[in-house]
Amino acid sequence: MTAPSLLALLDPALRQDPYPTFRQWRETAPISGGNGQPLIVTRQQDCSTVLRDSRFGHAEGEQTGPLNSTPPPQRSFLGMNPPDHTRLRGLVSKAFTRKVVERLTPMIEQTTAELVSAALAEGNLGNTVNLMDAIARPLPVAVICELLDVPVEDRDLVVAWSHDMARGLDPDFLIPEGVRDRQFKAREAFRQYMQQLADKRRADPGEDLLSGLVQVQEAGDVLTEAELLTTCILLLIAGHETTVNLIGNGTLALLRNPGELARLRAEPALAERAVEEFLRYDPPVQFTARIALQDAKVGSFDAPAGSAAILLFGAANRDPEVCENPDTLDIGREPARHLAFGHGPHFCLGAPLARLEGRIVFEALARLDGLELAGEPTYNDNIILRGLKELPVRIA
Ligand code: HEM
């Protein structure tokens, strides 16, 4: 087994099943690194403590552009510290209300039903279906388009941009130049596109989130045009591949644990708990990072100002301190505390929406007569976002 390090974390060999390695790290070196290397934090309590600690945050200053000739992309509030983060998150959450999310329920149910019946038609022809292409990928992007009021005829455009931006959550130095260039162009194209939509919504507001964002005001404060567009990009990136991977990783977990799949079939109402268990068991976001904004400590480890800490959700979610038999998938368990949506001031703003999408999809999958693995699944290259490229299934 390898010792915990950033390099070990980035090793493609880890992708297939990182959890035995994470377990070993958590048991033998729950916090490691330091002396110029990022701290790697594996226990849930320690991860939560860092995420709540105001001495840790995001690096200040301009992000550099992918190419010298291009201007730096504007930072979204995901990468900001208080007070800017507090102000922007406050404004956005005023528009991204429970009502806005609940309004999407019929659309999510209908889209899920359509995708599942198209997949069934393929399956009934005797074809193997890639569940990622058939269900997991199309649903979340359709939902975000609905949220941002993107007309149906333009969705393919958004899907293509979103695909090019998908590695946006990985650290810049891990992304090959060509990919970064495409990512930058996609961002710009999406920004220009959303600008037009926002202008339309300003003149003729509806009940969608975009209309909410253009109108939102708090104590006389509003989102500037640039903040509005950066927020739309954040929602597309943060809300898209993450949810795709919840559906993919959750389905694979069920297929590899047929007893749990049978249990869900017998009792589809377990879908809500099952989603919580999938998020814990195989989280789409494997880790996040923070920088020490001043000299700080994690446990007994020094974190001098400017040093990084990696909070390893994949390890923390299986910490036996917070979950009994953490390596066992148990969709009926009393939901265990997990960090799949983060913790503290940056806690995922889209969690209610992701949970809603997850529940609806797994209820629909529970109603199928037959669902089984039809080949070896393959993983994407992304580092922070853990998810499948192909999930071949037989479906009936
Ligand atoms: C933040 C996970 C779905 C919007 C986060 C963070 C995590 C996360 C871990 C915190 C990152 C950090 O602290 O560094 C997930 C997972 C999802 C999901 C696993 C699906 C299963 C969504 C959806 C949306 C969304 C559907 C919106 C459409 C956001 C936003 C933030 C965020 C805006 C930034 C919050 C802030 O910085 O204050 N998400 N997310 N997420 N997420 Fe999600």
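The model is predicted, so local features need pLDDT of at least 70 and side-chain atom pairs count only at pLDDT 80 or more, while totals for chains, interfaces and linings use all residues. Residues are numbered from 1 along each chain as its sequence is written.

**Exercise 1. Overall form**

Task: Determine how many helices and strands the chain has, and how its radius of gyration stands to the globule rule.

Solution: Begin with the elements, where helices (H or I, at least four residues) and strands (E, at least two) are DSSP runs, numbered from the N terminus. On this basis the chain comes to 16 helices and 14 strands. Finally, along the principal axes the C-alpha atoms fill a box of roughly 60 × 60 × 40 Å.

**Exercise 2. The sheet of five strands**

Task: Find the order of the open sheet of five strands, and explain why one side of β1 and of β3 is left without a neighbour.

Solution: Two strands pair if DSSP finds at least two bridges between them. Under this criterion the open sheet has the order β1-β2-β10-β7-β3, with mixed pairing. The strands β1 and β3 stand at the edges with a single partner strand each, so one side of each has no neighbour in the sheet.

Now go through the pairs in turn:

- β1 and β2 pair in the antiparallel sense over three bridges, and I31 stands opposite V41 in β2.
- β2 is joined by three bridges to β10 (residues 308–312), and these two run parallel; L39 stands opposite A309 in β10, and V41 has L311 as its bridge partner there.
- β7 and β10 are antiparallel over five bridges, with L312 in β10 as the bridge partner of F287.
- β3 and β7 run antiparallel, joined by two bridges, and F56 stands opposite A292 in β7.

**Exercise 3. Backbone exceptions**

Task: Locate the residue whose phi is near 50°, and state which two residues a cis peptide bond joins.

Solution: As background, most residues other than glycine have a negative phi, and most peptide bonds are trans. The residue with the positive phi near 50° is N35, which is not a glycine. N35 belongs to the loop between β1 (31–34) and β2 (37–41), and the hairpin of these strands has two residues between them. The cis bond joins P82 and P83, with omega about 5°. P83 is found in the loop between β3 (56–57) and α4 (84–95).

**Exercise 4. A helix pair and the ligand shell**

Task: Describe how α12 and α16 pack, and find which element gives the largest share of the shell around the ligand.

Solution: Axes are lines fitted to C-alpha atoms, for helices over the stretch in contact, and angles run from 0 to 180 degrees between N-to-C directions. Helix α12 (residues 225–256) and helix α16 (residues 351–366) pack at about 35°, with their axes 10 Å apart. The contact, which requires C-beta atoms placed from the backbone to lie within 7 Å, includes G239, T242 and L246 of α12 and L353, G358 and V361 of α16.

Of the 23 residues around the ligand, G239, T242, G342, C348 and G350 come nearest. The elements giving two or more residues to this shell are α12 and α16, and the largest share, seven residues, comes from α12.

Notes: Contact = placed C-beta atoms within 7 Å. Near = placed C-beta within 6 Å. Rg over C-alpha atoms; globule rule 2.2 N^0.38 Å.
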